[in-house]
Amino acid sequence: MFDRPTSGERAVLVQLAIGTDLPEDAREELEQLAEAAGATAVGFLGGTRASPDPKYFVGTGKADELKALIAATEAELAIVDHALSPAQERNLERLLQCRVVDRSGLILDIFAQRARSFEGKLQVELAQLRHLSTRLVRGWTHLERQKGGIGLRGPGETQLETDRRLLSKRIAVLRERLARIEVQRGQGRRARERNEVPTVALVGYTNVGKSTLFNRLTDAGVLQADQLFATLDPTLRRLPLPGGQEAVLADTVGFISQLPHELVAAFRATLEETRQADLLLHVVDANPLERARHIRDVDTVLAEIGADEVPRIMVYNKIDALTDTDGPTAARVDRDARGRVERVWLSAVTGAGLELLSAAIAERLRHATVLQHLLLGPEDGALRAWLYRNAAIEHDSPTELGGWDMAFSMPQTRWQRVRQGLDAVSLRLCELAGAPEAPLPAAPAAEALPLR
C-alpha cells in the first residue's frame with residue numbers, strides 16, 4: 001500500500017537509555033517481544049542519550065552504526081524499543097533501507113497475531129488504523145494527483161487525502177461495531193448485578209501467570225503459555241468460593257510498560273470488565289528483580305481506564321521459583337493494619353496457596369457488601385425501579401407521604417457509583433449496617449444515575 005521496504009524476520013534490536021538507566025530486565029523483555037512477533041534477533045545495538053535526536057531518535061552516529069550492523073548481519077528489520085515519530089521512522093527507513101518498527105508497532109503486531117475472537121480482531125484493527133493514520137507521510141509518492149482526462153476526472157484529491165478518507169471511514173465502522181458489542185457486554189453485567197453475582201477480575205503485567213491461575217481456580221482450560229500476551233480475549237467463568245459463595249472471574253489482557261494509547265482506547269470495551277469489577281486480583285511475579293516497576297506500570301494503566309479505585313488484593317505468584325535469598329517461599333497471607341487481606345503469596349503451577357486465595361476473595365467480597373436505607377419521595381419512582389433491577393431489596397414499604405421506605409444491599413464498588421446520583425437529588429441517606437471501612441470517594445459524574 002505504501003512505498004516502504006518489505007519486512008522480514010531477521011531483526012536488529014535497538015534500545016537506548018534516554019536520560020536515565022534502563023531496568024535490568026529491559027533487554028530481555030525486548031527480546032521476548034521480538035520473539036513473540038516472530039522475529040529472529042541477529043544483532044543488538046545499545047547506548048545512552050540525554051534526549052532523543054529529532055531526526056533519527058538515536059543520533060547520526062548511532063544511525064550510521066546501526067546501518068553497518070544491519071549490513072553485517074543481513075538483517076531485514078530494525079526494531080526500536082521506543083516510540084518513534086512518523087518522521088523519525090521514515091528517516092531511519094531511508095537511511096537503513098529496511099523496515100523500521102517502533103515499540104508501539106511491535107506490540108500492535110503481536111496483538112494482531114494473537115487475536116482470535118471477532119471482538120478482539122475488531123479492537124486490534126482499530127488500534128492499528130489509528131497508529132497508521134499518523135504515518136501516512138509521503139505514501140504513494142509516485143502519484144501527485146489522481147489521473148484526469150475523459151472518464152477519469154475525479155475530485156482532484158491527492159492519494160494521501162484518499163487514504164486518509166478511507167481510513168476515517170473504516171475507523172468509523174469499527175467504532176460502531178465495537179459500540180454494539182459494548183452494549184451487549186453491558187447487558188451481561190447488568191444481568192449479573194440483578195442476580196447479585198460479584199465480578200472478580202485478574203489484572204497484571206504480561207506473562208506473570210494470570211491464565212495459569214485462572215485455569216487453576218475455574219478449570220477453564222484457556223491458553224496458558226510462557227510468552228508475552230498469550231491472552232488477548234477476555235474470558236469469564238464461574239468461581240466457587242468457600243461458604244457457598246459464587247463469583248464471576250474475568251481473565252484479562254496483560255499490561256506492559258509503554259502500552260500504546262491506541263490499544264488502551266481500542267480495548268476500552270474489554271477493559272470495562274476491569275473497571276466495573278467488584279474486586280481486582282493484581283497478579284505479580286514474586287521475583288523481586290523488577291516487581292516494583294511492574295506494579296507501577298499496571299497501576300498507571302488502571303488509572304488511565306478509571307479502575308484505580310476498585311478494591312484489590314495483591315497476588316504474588318511463582319513463589320516456587322523463588323530462592324532463599326529472595327525471601328520467604330511458603331504460601332501465606334499478609335494483612336494490613338486493619339486486618340484486611342492485602343497480599344496472598346502462592347504458586348499457580350504447584351497449587352500452593354490457592355485455598356488461601358479463595359478464602360481471601362470470599363472474605364473481601366463479604367466485607368464489600370453494604371446495606372443501605374433510603375426514604376424515597378413520590379417523585380423517585382425511577383430510582384426505586386432502578387434499585388429493583390440492580391440491588392437486592394431487603395425491605396420496601398409505602399410511607400404516609402406517598403413515597404417508599406426501602407432497605408437494600410449491593411456491592412460497595414457499585415454503591416460508590418450510585419452515591420453521586422443520590423447526592424444529585426438530595427435524598428436522605430443513613431447506613432444501617434455493613435458500612436464501608438473507609439470514606440467512599442466521589443464517583444465520576446459520568447457514572448451518576450440517570451434519575452430524571
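This is a predicted model: local features need pLDDT of at least 70, side-chain atom pairs count only at pLDDT 80 or more; totals for chains, interfaces and linings use all residues.
Started with the packing: the largest nonpolar core has 60 residues, and I79, L213, L281, L357 and I361 have the most contacts inside it. I then checked which element gives the most to this core, and it is α11, with six residues.

Next I looked up L281. Leaving out residues up to four places away in sequence, L281 touches V200, A201, L202, V203, L249, I313, V315, L357 and I361. I also found a second, separate core of 19 residues, with V12, A63, A75 and L96 among them.

Then the sheet. In what order do the seven strands run? I read off β6-β7-β5-β8-β9-β11-β10, an open sheet with mixed pairing. The edges are β6 (235-240) and β10 (332-335); each has a single partner strand, so one side of each is left without a neighbour in the sheet. The twist averages 25° from one strand to the next.

I followed β10 to its partner. β10 pairs with β11 (residues 341-345) in the antiparallel sense, over four bridges. Within that pair, R332 stands opposite W345 of β11.

Helices on the sheet came next. α7 (residues 210-218) packs on it and touches β5 (199-204), β6, β7 (246-251), β8 (279-285) and β9 (312-317). I get about 45° between the direction of α7 and that of β6. α10 (residues 291-304) lies across β5, β8, β9 and β11, and runs at about 150° to β8.

How many of the nine residues of α7 are buried? Eight are, which leaves the helix mostly covered. My list of the buried ones reads K210, S211, T212, L213, F214, N215, L217 and T218. L213 had already turned up among the residues with the most contacts inside the largest core.

Last stop was A348, in the loop between β11 and α11 (354-367). Is A348 buried or exposed? With a relative accessible area of 1%, A348 is buried, because the cut-off for buried is under 20%. What does A348 touch, not counting residues up to four places away in sequence? I found T212, L213, R216 and N317. T212 and L213 are both on my list of buried α7 residues. I also checked the spacing to I319: 29 residues apart in sequence from A348, and 8.9 Å apart in space, C-alpha to C-alpha.

Definitions and conventions. Residues are numbered from 1 along each chain as its sequence is written. Side-chain values use heavy atoms; hydrogens and water are left out. Two strands pair if DSSP finds at least two bridges between them. Helices (H or I, at least four residues) and strands (E, at least two) are DSSP runs, numbered from the N terminus. Axes are lines fitted to C-alpha atoms, for helices over the stretch in contact, and angles run from 0 to 180 degrees between N-to-C directions. Contact means heavy atoms within 4.5 Å. Buried means under 20% relative accessible area, exposed over 50%, partly exposed in between (1.4 Å probe, protein chains only). A nonpolar core is a set of buried Ala, Val, Leu, Ile, Met, Phe, Trp, Tyr and Cys residues joined through side-chain atoms within 4.5 Å.
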